[in-house]
Amino acid sequence: MNSFYLSKPYDPPQAPQNLPLDCPWALLGGISPEKFMKSYWHKKPLLVRGAIPAFELAKRLGEPLGSAISPEELFNIAGDDVVESRLIQAKPWTFSNGPFKKKSIPPLDSPDWTLLLQGMEARHPAAAKILSWFRFIPDARLDDLMISIAGPGGGVGPHFDSYDVFLIQMSGRRRWRISEQKDLSLNPKLPLKILQNFKMEQEWDLEPGDMLYLPPHVAHDGIALDGGCQTWSVGFRAQSYKEILQEGLWRLAESLEDIPELEQRFADPRQRATRFPEQLPEEIIAQVSTKLRELKLDRIETFLPGITAYLSEPKPQAYF
């Protein structure tokens, strides 16, 4: 079995200067990125057979491709303490956080286990390459590329995500069951966020090279059918307004340190005697309002640099 990613000097992936956004893409099942974003993004699931055509072409030639990253490489990465990794086992459900020694990871043919590795785009050039295929979606929405490797029957249980995700099958087969049910209550007795009343509506077995896109809050359950099953998940997170504003305001507050004029003290020589000392003086309100207008702090453009910095920050575990 050949490796999907050929060994050669690594160059960071770069999107073409002009992406063909209005042309059909095999990655999206023969539709254009523009049509995908209009008809499917954040709206409804999309199953794509042969999203990576090389797998099917190699299979026809009798030289099937393997994953871009071998199990041995993944197990080595799982032992790194700067990598966010988790080992999940079913029957009964348990999970533990890495780093992991190789002997603590079950054999590939052992049933009912899954190893999850986050932020793989910063760890391996093949993962970074796959991630670059999705540059038609704003980088500000990107979370990371996660790789799961599992034994037969392995999975994380029926659950839902709060972000858009592309699930790419890279080795072995995985059975996906999904549901657009409204009941998203979780089982409080389990250590994982597993749905209490999952009711399957659709089911598919994905082969290497196939891909499933799911918008937020679509319930899904992925079960590995083969030992060494690998699924690569490209996630796009949508932050809460609270999170965006908090992070933007915090960075804006930090930037005020670079404005010497703000070191001046507030002065109120025109303050009159008051019968309402518990109220904030009109003079303070007026002067602060003036400063806000002078610094353009009452305009969204002033907040954008801080918000942009937050949305473009790599995860703490990423290194370059």
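Me: Is Asp210 buried or exposed?
Reply: Asp210 counts as buried, at 5% relative accessibility. Buried means under 20% relative accessible area, exposed over 50%, and partly exposed in between (1.4 Å probe, protein chains only).

Me: What sort of model is this?
Reply: This is a predicted model, where local features need pLDDT of at least 70 and side-chain atom pairs count only at pLDDT 80 or more, while totals for chains, interfaces and linings use all residues. Residues are numbered from 1 along each chain as its sequence is written, and side-chain values use heavy atoms, with hydrogens and water left out.

Me: Which side chain does Asp210 meet in a salt bridge?
Reply: That of Arg49, at 2.9 Å, N to O. A salt bridge here is a side-chain nitrogen of Lys or Arg within 4 Å of a carboxyl oxygen of Asp or Glu. Asp210 lies in the loop between β10 and β11 (211-214) and Arg49 in the loop between β2 (46-48) and α2 (53-60), so the pair ties together parts 161 residues apart in sequence. Strands (E, at least two residues) and helices (H or I, at least four) are DSSP runs, numbered from the N terminus.

Me: And how many salt bridges does the structure hold?
Reply: It holds 15.

Me: Switching to the sheet: what's the strand order?
Reply: β10-β9-β12, an open sheet with antiparallel pairing. Two strands pair if DSSP finds at least two bridges between them.

Me: How many bridges join β9 to β12?
Reply: 6 bridges. Asp221 in β12 and Arg177 in β9 also tie these parts together, through a salt bridge of 2.7 Å, N to O.
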